[in-house]
Amino acid sequence: MSVNKHLRSFVKRSGRLTNSQKLFFYNKENDLNYFNEKKIINYEELFNNKNKCILDIGFGDGKLLINIAKRFPDINFIGVEVYESGIGSILKDISDLNLKNIKIANIDAIELLKNNIKDKSLQGISLFFPDPWPKKKHFKRRIINNYFIHLVSTKIQINGFIKIATDWSDYANEIINLFDNHKNFVRVNEILYYKERELTKFEKRGIILGHKITELSFKTI
Ligand SMILES: C[S@@+](CC[C@H](N)C(=O)[O-])C[C@H]1O[C@@H](n2cnc3c(N)ncnc32)[C@H](O)[C@@H]1O
C-alpha cells in the first residue's frame with residue numbers, strides 16, 4: 001500500500017448501549033473529559049499541565065486505559081475509539097473516578113494522527129489487540145501497515161515508544177517485519193507503564209480461544 005492511502009480499519013459496530021453509556025455518550029460534547037479537535041492539539045491547554053502524553057488507539061471498553069491512567073497520574077493519556085459503547089463506558093469511569101489525566105476522542109485514529117497531533121509530540125502510542133481482520137482478503141484493513149508506521153514515526157518523539165499486543169500470530173509477524181524494516185524503530189523488551197498490566201477484554205477472549213499473545217515494544221531512535 002502506498003504511504004498516502006489508508007482504508008478504514010473498522011466497521012461501525014451498532015451494539016446496544018446501556019442506559020448509563022447512553023447518558024455519557026449522548027452528552028459527550030458537554031463533557032470536560034471529551035474533546036472534538038478541529039486543529040492541532042495543544043496538550044498544555046487540553047490537560048492544563050506540561051506532562052508527557054501517550055495516545056491509546058482503540059481502547060475498547062477502556063478498562064486497561066483507566067487502570068494505567070490511575071497508576072500514572074503524572075502522565076497524560078488521550079484515548080481514541082470509534083465504538084460508541086466504549087466511549088460511553090470510559091467517560092462514565094473517568095467521571096466516577098474523577099481522573100484528570102485522560103481525554104477522549106471519538107474519531108478514526110488515523111484522522112486524529114494526521115490532522116490533530118503535532119509532529120514529534122507524543123511520548124508514546126499503545127495499541128492493544130487491534131482488529132486482526134483474519135481473512136486474507138481483509139488484510140488490507142489492518143491498521144498497522146506501511147502507511148501507519150510512517151505516520152506514527154512522524155508523531156512520536158525521539159526516545160519515545162510504541163507498544164502493541166496481538167493474539168494473531170501472523171499479524172504479529174507482519175508487525176515485527178514492518179517495524180524491523182523501519183529506520184526509526186528498535187525493538188525493546190517492555191515499556192515501564194505496561195509492566196504487570198491487567199488483561200484486556202479481547203486478550204481474555206483470545207486466551208480462551210487458545211491464541212498465543214504477542215507483546216511488542218519498539219523505541220524510537
Ligand atoms: C479488537 S478491539 C480491542 C479493544 C481493546 N483494546 C481490548 O484489547 O479489549 C479493537 C478496537 O479498535 C477500535 N478501532 C479500530 N480501528 C480504529 C481506528 N481507526 N480508530 C479508532 N479506533 C479503532 C475498534 O472500534 C475496537 O474497539
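A nitrogen atom of the ligand lies 2.8 Å from a polar backbone atom of F128; a polar contact here is a pair of N or O atoms within 3.5 Å. This is a predicted model, where local features need pLDDT of at least 70 and side-chain atom pairs count only at pLDDT 80 or more, while totals for chains, interfaces and linings use all residues. Residues are numbered from 1 along each chain as its sequence is written, and side-chain values use heavy atoms, with hydrogens and water left out.

One of its oxygen atoms is 2.6 Å from a polar side-chain atom of E81. For T200, an N or O atom in the side chain lies 2.6 Å from an oxygen atom of the ligand. On its own the ligand has 600 Å² of accessible area (Shrake-Rupley method, 1.4 Å probe), and the protein covers 95% of that.

The largest nonpolar core has 37 residues. Such a core is a set of buried Ala, Val, Leu, Ile, Met, Phe, Trp, Tyr and Cys residues joined through side-chain atoms within 4.5 Å, and buried means under 20% relative accessible area (1.4 Å probe, protein chains only). Among those with the most contacts inside this core are I57, L113 and F148. Another core lies apart from it, with 28 residues, including F59, F72, I87 and F161.

Technical notes. Buried means under 20% relative accessible area, exposed over 50%, partly exposed in between (1.4 Å probe, protein chains only). A polar contact is a pair of N or O atoms within 3.5 Å; within protein, one must be able to donate a hydrogen and the other to accept it, and residues adjacent in sequence count only if both atoms are side-chain atoms.
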